[in-house]
Each structure stands twice: as C-alpha cells, then as structure tokens.
Number of protein chains: 2
Amino acid sequence: MSDRAQQPGPPFAADDAQDRGPRVVALGGGHGLSTLLRGLKDQHCDITAIVTVADDGGSSGVLRRETGILPPGDLRRCIAALADAEPLMTQLFEYRFGHGAGLDGHAFGNLFIAAMAGIMGDFERGVSEVSRVLAVKGRVLPSSLDHLVLCAEVCVPDDQGGRILVKGQSQIAGVHGLVERVYLQPSEPKGYPLAISALLNADLIVLGPGSLYTSIIPNLLVPDILAALCAAEARKVYICNVATQPGETADYTVGDHVRALAEHMGGGACDCVLANGNTDLTLSPTSNSAMVMPTLEGAPAFDGDAWQLVVQDLVDRALPWRHDAAKLASTVLRLCPR
Amino acid sequence: MSDRAQQPGPPFAADDAQDRGPRVVALGGGHGLSTLLRGLKDQHCDITAIVTVADDGGSSGVLRRETGILPPGDLRRCIAALADAEPLMTQLFEYRFGHGAGLDGHAFGNLFIAAMAGIMGDFERGVSEVSRVLAVKGRVLPSSLDHLVLCAEVCVPDDQGGRILVKGQSQIAGVHGLVERVYLQPSEPKGYPLAISALLNADLIVLGPGSLYTSIIPNLLVPDILAALCAAEARKVYICNVATQPGETADYTVGDHVRALAEHMGGGACDCVLANGNTDLTLSPTSNSAMVMPTLEGAPAFDGDAWQLVVQDLVDRALPWRHDAAKLASTVLRLCPR
C-alpha cells in the first residue's frame, strides 16, 4: 500500500498549479493567426486566441443562424491549429457525409458547432465552449457573444460613387477599393467575460497576424475588449502581415498598417510592432500581393510616444506571403517579459 | 531575450517524459467501467480502457455499419467518463438535431463516430482514434478491429427447448435463462495492436467492473488480448460487480463470477478478485437484483493456486447496486504494485 495511493493527489489541481509558461493572448484571425497558434503550440506557453465571430449579413448570416454554419473559417482554423492531432482534426472538421445519410453538404465542423450551440442555447455560447471538449492546447474564445455584422466604408473610383458601404466580413475584401473604416452593427456589443479576463491576466498580448480590417480590428471594435487591452499590464505587440492583401491593404507599408490600427483603437492600446525583415523574396505577380516594407513612415505617435518597430526574419521561404510558424512563435515569446 | 525562448522546450516530449503515474488498463464496459474511469480520472494515473465493439447482429448491426450507430453505449459512456468536461461531453454525445435540419434522430455521438469512421476508412479504426481529438484523460481502445458478433448459449426451461443460442450483445440479457457460455463470431478475431501493447506495458490490469458475459468476457475471447493478459507482468485484478444482473448473473456469488470468468479464460490470466464487503444495503425488490456475496465458494483453483479475495466497502450508498467511483478508484490504485 503506497503513500501515493493512500493520499491520491488531485492531478487536475496539480496541473492547474504547475507552470504552464507565459500567458499569451492572440487576437486576430485567418491563416496568419492559425500559423502563430501552430507555432506557439510547440512552445512552453498558455495560449488563448480571441476571434471575432462576426456575422456575414444577408443570406449567409441567416443560414449560419439556422444551421450553425461557421463564419469564414477563422474559428475552425484556430481550433484545428491548436489540436494535438492537427491533420486529423482538420480532416474531421472538413469531413462531409456522403449521400443518403440525410447529412449531405454539412461539413462536420459545422455540425459540431451546431450541436454545441443547441446545448448551450445559442451559437456564440456554443463556440465559446468548443475547446473544452476537444483535445486542443489552449482556448479559442469569441470576443463577444452578441450577434455582430462587420461593415466597412470603402473608397471606390468616382464613377462608382466615390464611397460605398459594405456589409459582411467576407464581402469587404471583394470590393475593389480602399477600406477607410470598419465598424460593427450593433456598434456597442458586450465583450465576452472570459476574453476580457484572459486579456487582463495575460503576460503578452499580440494583435495578429491576420487580415487587418476583417480579422484584427473587429476585435478592437468591441468596447470592452479595447478597454481590457488598454488596461492590461501585459506587453502588447502588433504583428504585421508579411504581405499585402488586395482589397484590404494593397500597397501598405508597416506604417500604413499601424496608422489604420491606431485610427481604429486610439492611443495607448499598443505601441510595438513586429515586422518581417526578409523582404527579398519574390511573390507571384498573379497574387496582386507584395511584401510589406518594414518602415514606420506614416505611423502616428500617440501620447508623445513613438511606436517601437521590431524587425526579424519571420517569413516562410516556401510560402513567402506567410509567416513561418516556428520563427514567429519563438520571436514572439522572446518579446514576452516573463 | 530569455533562455527559455532561445531554447524552447518541446512541451509534448516533456509531457510524455513526465511521470503520468501507474499505467492502469481496464477491460470491461457498461456503467461499471465508466464509474471506475470517472474515479481514476481524478487520480494520478495513466488510463487505458479496452472495450469490445461487438456487433449486435441482425438489423441493428446493419444499421450500425451504414450510419455509424454506436454499440450499446459502452464506448460513448467510457469516453464521456474520461472527459475533462464530463457533463458537457455527455450532453454533446446525446444531442439530437431538431426537425428540418435533415439530421433527425441521429445522436451527435453517432455522427461523430460516423465521421471518424469515414476519415479512417472503417468503423473500428474510427473508434480507435476518437480519444485523440477529444479532451479526455486517457484512451478508450477497441479490443479488436474486426467486425464481431457476440453469441451466447443460454439454458432455458425445458418447455422452451432447454438450451438456445442467442446472437447479439444486447439480446443476451433479455433471454430469461442461465448463460452457459459466450463466444464471438468470427471466433478468432485479431487483437487491436494498441490494446495489446497497452496490456503488455501496464502496471495494473483490471477486468471490470461490468456485465460479466456481455462486457468483460467478450474482451477475453479475442485470443491476442487473452494472450497479452496472460503474458503481461502487471498485477491483474478482477473487479466483481456489486449487485447481480437478472438474465446474466442472477443469484451469483463472487465465486460464481470467478468460476464463469475462469471457464472462459482458462488459468493463469488473473487470480485476484476485488469484491464489495458492504452488503447490508437494501436493493429495490423490483430490480430483480441482489448484493453479490463476497465468498469464493464455487471458484476453481488453477495451477494449484487459489484465487486471492480482497474485500472492501466499495458501494455507492445512494445507488447501492453500483460502485462508488472514488472508493473504487482509490482501492484499485492501492492494489497497484508501482
């Protein structure tokens, strides 16, 4: 009869007490954020990803409400990136049942979210609990449980009206113009408490990587989230994309990204930007994309403080419009104060 | 720039190397096994549950092949019992989509297994991978990947023919008679390699708790599993049920359970039985069930060695036909040599 068995230790309490490493909170979306998460998963840190579950307006939004269709891939991608069995989880989420089973056309990931939404009472609450039942390292949280639609004011040529309003996250990049401002409807959504407390307890908060106007800024348009970001004692770093995105950030330098970010979040929320310095790689001319130049020109200084620019080789040589997961994650953790 | 970030530790390798506690392998099924797993989950140990995924023959078996319907609850119950978020996982598995979604009548747990089966190529292989994508402590493995049907020879009154053959796990308990022998079709299924290696690497192997003829013995009818059990250096303990089961073990003492087990597995596989000693509790007269008396009378001695009987208060006072999860798990771990 061993002492251990007589006085069994509570392993979960022990797990909770053990050092999980620095608490890193990442706000963003898209392939960029999932690349960062994939890299962080292999490092000693405690990961929380915060994504906007913004509605796509119109019929796809209605469809989502009724069937639990996921917003454009962000959540699925983040969860899959954090999964212990990553290729398998991705396969599972993308799996579609064959004909005859009455399940045609539904990706399993959507059925999964739909079931969680059914149990928890609504879609957003279902999403917020997903990482509790799946074998993932870390959590993926929505920034708000409210039903949100992302809208944008886009400058277009004068013969098309000069300026148009676009509704729906996936619609914005499809308009060929310059995004001037994005906003949420309703405009004052309530922040999700778990996301707020994650920010307030973080050692390091990173904004991005991800689409500037459709993934990163939408999180900051939730007032409680922005307030928590400003109040948090964590080091805060904006991770600029490696390449420009047509329809969103065409021709943008790092400074242009920072300016747009600052215009949407005001001063004091973040004043450090991590950018890729290896810009000699060639992108395909058909991609309508270019390497983002690591200059702060065009970026405003808030409260008298200039932005700090950290430049590192962060690029994936095989896919030079993307970050390299391992390079990015190790660089990010080196910026962490803890 | 910290040392940690410069030389990031591989957390998964570290997790693998860390002491996960004694390796406990449990073979069985039903509510009994899930009670044990629920108790072990809160202890410091590395859990593997091995269950028989035996087909129910006839139309329900066909249905299972086509739609991924789970065999009677065993797998779902084991996975839910090991889940970090246990009530939520159970709710998720039992969740059924409402009308109009084309998903009527399918419990989500079945859709989940069906999707895994679709990805992995067949039902059994899908089952074997389930615990990789869900947040569960430990693993649930099938004893064989072959398509199996459990059959029984049952003694019935002479006016009903004296002896009948019953096919299908869920049919056996429904026949009012004495189970004489159970067997598998096909009779020589191949053992699942991961289950075999779990047995060979175990510190402690427990048979049960669970239905004697329909949950525990079916695992031992897989020749590779029985051979691994015999060859394993682990301590091996049979956990006898707290109460008799009508149609399976009516009027059985602990010795009767041991005799039936020994008749199906031969000598040398196991020679220790853990039984409940608190038999003063009253079962409902309508349950057709009685407390199992902790006597070895009727049990054979194999190879000249008598069975060792360990008697402890293991019962759940609120549900006296069941084990108490915490009492059972701590007692089981005290029997572990490591």
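Visitor: At what angle do helix α6 (residues 86-94) of chain A and α8(B) pack?
Guide: About 110°, and their axes lie 10 Å apart. Axes are lines fitted to C-alpha atoms over the stretch in contact, with angles from 0 to 180 degrees between N-to-C directions. Helices are DSSP runs (H or I, at least four residues), numbered from the N terminus. This is a predicted model: local features need pLDDT of at least 70, side-chain atom pairs pLDDT 80 or more, while totals for chains, interfaces and linings use all residues. Residues are numbered from 1 along each chain, chains are lettered from A and ligands numbered from 1 as written, and side-chain values use heavy atoms without hydrogens or water.

Visitor: Parallel or perpendicular, α6(A) and α8(B)?
Guide: Roughly perpendicular, a label for 65 to 115 degrees.

Visitor: Which residues make the contact?
Guide: A:Leu88, A:Met89 and A:Leu92 on α6(A) meet B:Glu129, B:Arg132 and B:Val133 on α8(B); contact is heavy atoms within 4.5 Å. Four of these residues are nonpolar, none polar and two charged, with Leu, Met and Val counting as nonpolar, Glu and Arg as charged.

Visitor: How many residues of α8(B) are buried?
Guide: Nine of the eleven in residues 123-133, where buried is under 20% relative accessible area with a 1.4 Å probe, protein chains only. Among them are B:Glu129 and B:Val133, both also in the contact with α6(A).

Visitor: New topic. Where is B:His257?
Guide: In helix α13 (residues 254-265) of chain B. B:His257 counts as buried because its relative accessibility is 1%.

Visitor: What does the side chain of B:His257 reach?
Guide: The backbone oxygen of B:Thr253, at 2.8 Å. Beyond four places in sequence, B:His257 touches residues including B:Leu212, B:Tyr238 and B:Val292.

How values were computed: Buried means under 20% relative accessible area, exposed over 50%, partly exposed in between (1.4 Å probe, protein chains only). Helices (H or I, at least four residues) and strands (E, at least two) are DSSP runs, numbered from the N terminus. Angles under 35 degrees count as roughly parallel, over 145 as roughly antiparallel, 65 to 115 as roughly perpendicular and the rest as oblique. A polar contact is a pair of N or O atoms within 3.5 Å; within protein, one must be able to donate a hydrogen and the other to accept it, and residues adjacent in sequence count only if both atoms are side-chain atoms.
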